[in-house]
Amino acid sequence: MNDYAQSVAAAPPDAVSVLRAPSVKNAHPLLRCLAIYRTMPWRFASAFSLFFVVNASLTWYQMLVGQAVHDVERGRAVVRTADGSLDFGRAYYWVAVLVGTALARAVVQYVAGIVSLATGQELLFRLRDSILVQVQRLDMGYHLRHGVGEMVARTTRDADKVRDALISFWRNVIETGLVILASLAVLCWYDPLLAVAPAILTAVGIAIFLRLADHLVVLDRAVSDAYDSVSQDLVEGVGGVRVIKAFGLEASRIARFDAAVGTYTDYATKALRYSTSRIPLPQVVVALGQVWVFALGAHLVASGRLNVGELVAALLAMNTLIFRIEGIGRIIQIFADARASAARIMDLLDADTPILGGSHELPAGPLGIQLANVRVRAAGEGEDILRACSLQVDPGEIVAIVGATGSGKSTLAALLPRMLDPDAGHVFVGSSSGGWIDVRTLQLAALRARVHVAAQESFLFSDTVARNVLLGSPDATTAELIEALRLAWAQDIVTNLPSGVATVIGDRGVTLSGGQRQRLALARALIARPSVLVLDDSTSALDALTEQSILHGVRDLARSSGTPITMLIVASKPSTAMFADRVAVLQGGSIVAEGSHDELSRSSVTYRELMGIHDAAA
Amino acid sequence: MPRLEPAGHKKEALARDNEPSDLQVEQQLALVDLERRMFSRLVPLLGPVRAQIAAVVGIECILVITVFLRPWFVRQVIDRGFVPGASGRSVDGPFVAWMIGGLALCWALRFALAGVSQYVAGRAAIVVLNDLRRAVFAHVQTLSIRYFDRTKLGRIVSRADRDVDTLEPLLIQGPPELLSAILRCGVSGVLLFSISPPLFWSVAGLVPLLVPALVLFNRLASRNWGPVAERRSRFTSHLVETVNGVKVLQQTGREEQNRRRYKELLNDFTATLIRGNVRTSWFPPLTGVLSTAGMAALIVVGGRGVALGQVTLGQLAASLFYVFLFLAPLQELGDLFERYAAGTAVAQRIFLLLDTRPEIEDVADAVDPPSVRGSVEFDGVTFAYAPDRGPVIRDFTLRVAPGERVAIVGPTGHGKSTLVQLLTRFYEPQVGAVRLDGVDIRNLTQRGLRRHVGVVLQDNVLFSGTILENLRLSAPHASDDELIEGARSLRVDDILRRLPNGYHTQVGPLGASLSHGQRQLVCLVRAYLSDPAVLVLDEATSAIDVQTERRIQHALRRLCAGRTAIVIAHRLATIRDADRIAVMHNGTLAELGTHEELLARRGSYAKIHEAYIRGQASARPEPTVEVA
C-alpha cells in the first residue's frame, strides 16, 4: 500500500522544512530559496572556501606583479654584471613564482567552478523536487482555484526565473563580492587612503543600480506581458491549425501575430532605451574610483610612499573591480525580476492541504458511500456548489446522478476519494450493516485504492499504453491487463497500434481520439478493482453501443465474481440512467429527487426536462 | 511523464535513450539533414539592420581607442609626470591634472558609448529576431497537418519562441564583440611591437598554445549543448505532465513513483551538465595561466630592456596593460565560440523548420472552382497514417449526391474521423481518390477545396477574442448584424446573448472560457456563416445537457439544409435525419442504405440502432469485433 501522501504530509522534504523554518519564513523570497543551502552546509562551505581561495589568490597575484615590476623599476630584476653580461636570476625567480602561483590558482579555479556548479544544481534539484512534491500533494481544490495554466507557469516559468537568479548567485554575488573586497584590500594594503574613494563610489554606484532595478523590472514586466499575447497567438496558431486550415484563416492569423509581435517590439524598445541610457551613470561613478587611485597614487609616488610597481598593481586592481561592476546592473535586474517569481513559488510551497490521511483501515468487502449534509463553497463569491446534499448508495448498488451542466456533479464525485473535502457535512464509506466510517479518519492511499473516480477528461501520460493502464495497479499481471482492456472495450485500440500495449502514446507517440483515451482511462480504473467506481461522465466520448457494453460488462463481472462493485455514474443520456438501479437528481446543490428512471419520468419535472422526455410524460 | 517501471530495470532505462529524440522525429519530417553550413544562412538575416550594425562597429572601434588611451595616460604620468627635485621627486601638477582629466573622460566616454552601442545593437536584435519570429510563424501556417500531428505542440511553439531569442547573442552581439576582440588584440600587438619587438614576440609566443586549446574547447562545448537541452526538456515535460495529470496520480496513489522518476530525470540532467563542464571548464583557468606566462615573459624581456636602457619604466608599465589587452580578447573568443555553438544548434533547428516543405501542396495547374454542386465521392480509398501502422481506411467507396445527407456511424476508432481528414485534404489517401463534383481534390487548390467543404470538428476550437470576432473569421466582410443574423437563423441567438457580455464575451485561449455546448454552438454558426456547398460534421460526442443538446440538433438540421452533408453521427436524432446511413467497420464500408433498409437487413446497423434505442440490460450487444 502506498502511504506516500501520509509520509509527505507528515514530513515534507528537508528543503521544504527549511523554507518553513520561522527564521526563514518571513525573509525575502529569494533568500528563502538560498536558505536551502542550510541543508548542505558542507557543500556550501567547500564551494565558498574554494571561491575565497581563488579570489584571494588573484589579489595575491596582483601584488606579486606589483613587486616584480618594482624590482624591474629598481633595476634588480635583470642586473648588468661587471663583465657586461646580464644576470637574469631575480627575473627567473619572478617567472617561477608568478607561473607557479597561476598554475596552483588555475587548479583551484577549475575545482571551484565544478564544485559551485554542482552545489548550485543541488539547490535547484531540491527546490524542483519540493515543487513537484507540493504539486502532487495539494488537493484538487487548490488545483482548481489556480488552474492548470497558472500551475504550469509557476512550476516552469517562475522556476526558471528563480533558477537564473540562483545560478548567477555563485559567479555574480559571491564572486563579485569577493572581487570587490579583494580589490579594496589591495588598495588598503598599499595605502588606506587609496581605498576610501573607490569604496564610497562603489557603494554609491550599487545604490544607483538598485534604484534603477525597480523601474527596469516594471518595464520588463510590461515587455513580458506584451510577449504573453505573442505566445498565446503562437499557441493558438499551432493548436488551432485544423480550424485555421479549414476556414483558410492563415493570412489573418499571420497578420494578427505580426501585430502582437509589433506591440511587443515597441515595449521591448522602450525598456531597452531606458536601460541603455541610465545604466552608464552608475558605471561611470564606479570607474571614477580608478581616477582617484591614479591621482592620489601619483601624489604618493612623488612623495615616495608608493612605488611605481605598486601604483600599477593598484590600477590593475581597480580595473578588475570596474569590469566586475560593469555587469552588475544586469544581475541586480535578474534578482529584482526573480523576486516576484520566487514569491509565487514560495506561495505554492507554503500552501497547505487540508486533506491529510487518517489512520483507520478500511473494512474488507463491499463498500457503500454516504454523503451527509455536505456543503461545498464556490471558489469565488457565487452560490454554494453543494448545499445540504445527502445521498446514500449501498454496497453493490448502481446509482446514476443527473443534473444540469454546472450543478456540481463532478464536485460530488471528487468528494468520495477525498480529492476535495466538504466545507461542512461528512462523507462516509461503509454499509448500513457494517457501519459508516468518516473518510477523514481513513488512510488516504487505502481510500483512493478502493474508491476510484474516472474523470471525463481522461488524462493519459506520454508513456506506453501498458504503463498508463497499470497506473491503476502496478503489480497486475499481463492477464489482468488484457482483461481490463477487454472490459473497457479497448483491445481493438491496442490491436491497431504498431507495438500493441508497448506503444507510446501522447505528445511523443501516436495520438488517440477522445473516445480511445476514455476507454484506456476506464481500463486504468477497472484494473484497480475498486470497490466503488465513480464514472464522472467518463464514457461521454463513446457511442451508445460501446458505453452500454462496458457498463454491462462491469456489472456482470462484479456479479459473477461475487465482489459487487458500487457504481456512481454521472449520466446525461437516458440510456445510462436506465442502466442504473436508481437515479438521483442533483439540482441547486442538493439531491431533489431519487427513484428509478420510470418513477422519475413520471414524477419529476426536473428529470423529464434534463432527459428531454417532455412528450413521454404527457 | 511518469515512467512506472519497477526499480532496477536499468536495461529499460537504457533502451529509452535509444528512442528517437524529438529532434530526430522533426528531422524525419523535414527530410533534410541538420548538418549544414549555418553561416551562409544566418548572414542574410542581418540585411535589414546593415546600418545599425555598421554603427555598432564604428562605436566599437572608438571604444577600442578609449581602451588604449587608458594605459597611455598611465605611461605618460610615470615617464613625464614626475620632476626630480632636491627632495626626491615632485609631481608636475598641471601635466598630471591633464592626464587625470583625460582618464576620467575616457571612462565616461567608454560607458556612454557602450550604452549607445547596446541600444543600437539591441534595437537591431529586436528587429531581426522578430522578423524571424514572424517568418517562422508564417511558415508554420503553411505546413500540413501531419507535421502538427507528429510534432509536440510545445516544440513547434518554442521554435518561434525561445529558440529565436537564443540567436540574439550569436547574431547581434556576436559580430561587434568579435570585431572588438580582434581590434583590441591587433592594436595591442602593434603597440607592444612598437615599444619593443622582443616584448611583442614574448607575448605573441603564447598564441600557438592558445589557438589549439580554443579549437578543442569549442569542439567540446558544442558537443555538450544538445544533450543538456534534451535532458532539460525531458524533465520539464515530466513536470508539466505531472501538473496536468495530478488528479490521476493522486487517485492511483502513484505519487512516489512519479517523484522517483522526476528525480531520475533531474539527476540525469545534472549529471550531463556537470559532465559537460568537467570537460570544458578547464579553458578559463588555462587562459589565466597563459596570461600569467605572458606577464612573466614581459618581466624577463622588459627587465632586460630596462637594464639595457632600451625600455622606459612607463613603457613597461603600459605594456603590462597591453598584455592583458592582447590576451583578454583571446579568452573572450572562447565565450564567443560557446555562444556560436549554442546559437548554431538552435539556428539549425529553426532552419530545419523553415526547410520543412508542406507535405501537401497545390499542384501547378490546381483549379479554384468558383462554385460547386456538391457531389462527393470516395473511390477505392485506402489510407494509413504511417507505413508501419495498418491502414485505417481500406478500399472505401462511397458516393454522396449533391444535397444529400449521409450519416456515418460505427464504433469508435474505426476510421470515421479519418474520412473528414481525407475529404478536407489534411491527409491524402495512398490508394484511390476523393472527388468533389467528379474532380480529384488533389487537382483543386487547398484554399478552393476548403471554401466549398466546410467542417465542424469535434474539438470545437475557437480563438481568443470575442464571439463576434470568432464568427467574423468565417465571414470577414460581414457586419455585426449579419453575423448575429446567422446566429438567429440557427436559433442560438438567445443563448449567446445570455453570456456575460453577450456577443462581446471573451472566449479565452482556444475557446476555453466557454462550455463545450456553447463552443459547439458558436462553431455551428461559424460554419453556417461560411456557407459551404459541402458540410462535413464530426459530431461532438461529449455529453451536454439536454436543452443545449436540442438547440444543437436544431441548429444542425438548419445548417445541413440545402447542402451536401456528411455527418459522423453519435446521436440517434442525427442518424435518423440522414437520407442514407453508412456503417463503417475497421475502415471499410460495412453497410449502406436508408434507415428503413438497414433496419430490414437486420445487420450491424440494426444492432447499433437497437442498442441506441433501448440502451438497457436486455439489449446487450455483441462485441464490436464481431459486428461486421
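What follows is a talk about confidence, domains, sheets and the contact between the chains.

Trainee: What should I know about numbering and cut-offs?
Mentor: Residues are numbered from 1 along each chain as its sequence is written, while chains are lettered from A and ligands numbered from 1 in the order in which they are written. This is a predicted model, in which local features need pLDDT of at least 70 and side-chain atom pairs count only at pLDDT 80 or more, whereas totals for chains, interfaces and linings use all residues.

Trainee: What pLDDT does chain A average?
Mentor: Chain A averages 85, on a scale where pLDDT is the predictor's confidence in each residue, from 0 to 100, and 96% of its residues score at least 70. Over residues 1-11 of chain A, however, the pLDDT is below 50, and beyond near neighbours in sequence this stretch has 24 contacts in the model, a contact being two residues whose C-beta atoms, placed from the backbone, lie within 7 Å.

Trainee: How is chain A divided into domains?
Mentor: The assignment for chain A gives domain 1 (4-350) and domain 2 (368-617), with bounds that come from an automatic or database domain assignment, and the C-alpha centres of these two lie 53 Å apart.

Trainee: And chain B?
Mentor: Chain B is divided into domain 1 (23-355) and domain 2 (376-626), and their C-alpha centres lie 56 Å apart.

Trainee: Switching to sheets, what is the strand order in the open sheet of chain A?
Mentor: The order is β4-β3-β6-β7, four strands with antiparallel pairing, where two strands pair if DSSP finds at least two bridges between them, and where helices (H or I, at least four residues) and strands (E, at least two) are DSSP runs numbered from the N terminus. In chain A, β4 (386-393) and β7 stand at the edges with a single partner strand each, so one side of each is left without a neighbour in the sheet. The twist averages 20 degrees from one strand to the next.

Trainee: What does the chain B sheet look like?
Mentor: Chain B has an open sheet of four strands in the order β4-β3-β6-β7, with antiparallel pairing. Its strand β3(B), residues 376-383, pairs with β4(B) over five bridges, and B:F383 stands opposite B:I393.

Trainee: Which helix lies across it?
Mentor: Helix α16(B), residues 416-423, lies across β3, β4 and β6 (431-436) of chain B and runs at about 110 degrees to β3(B), with axes as lines fitted to C-alpha atoms, for helices over the stretch in contact, and angles running from 0 to 180 degrees between N-to-C directions.

Trainee: Last topic: how many residues does each chain give to the contact?
Mentor: Chain A gives 146 residues and chain B gives 138. On the side of chain A that touches chain B, the largest share, 23 residues, comes from helix α6(A), residues 89-137.
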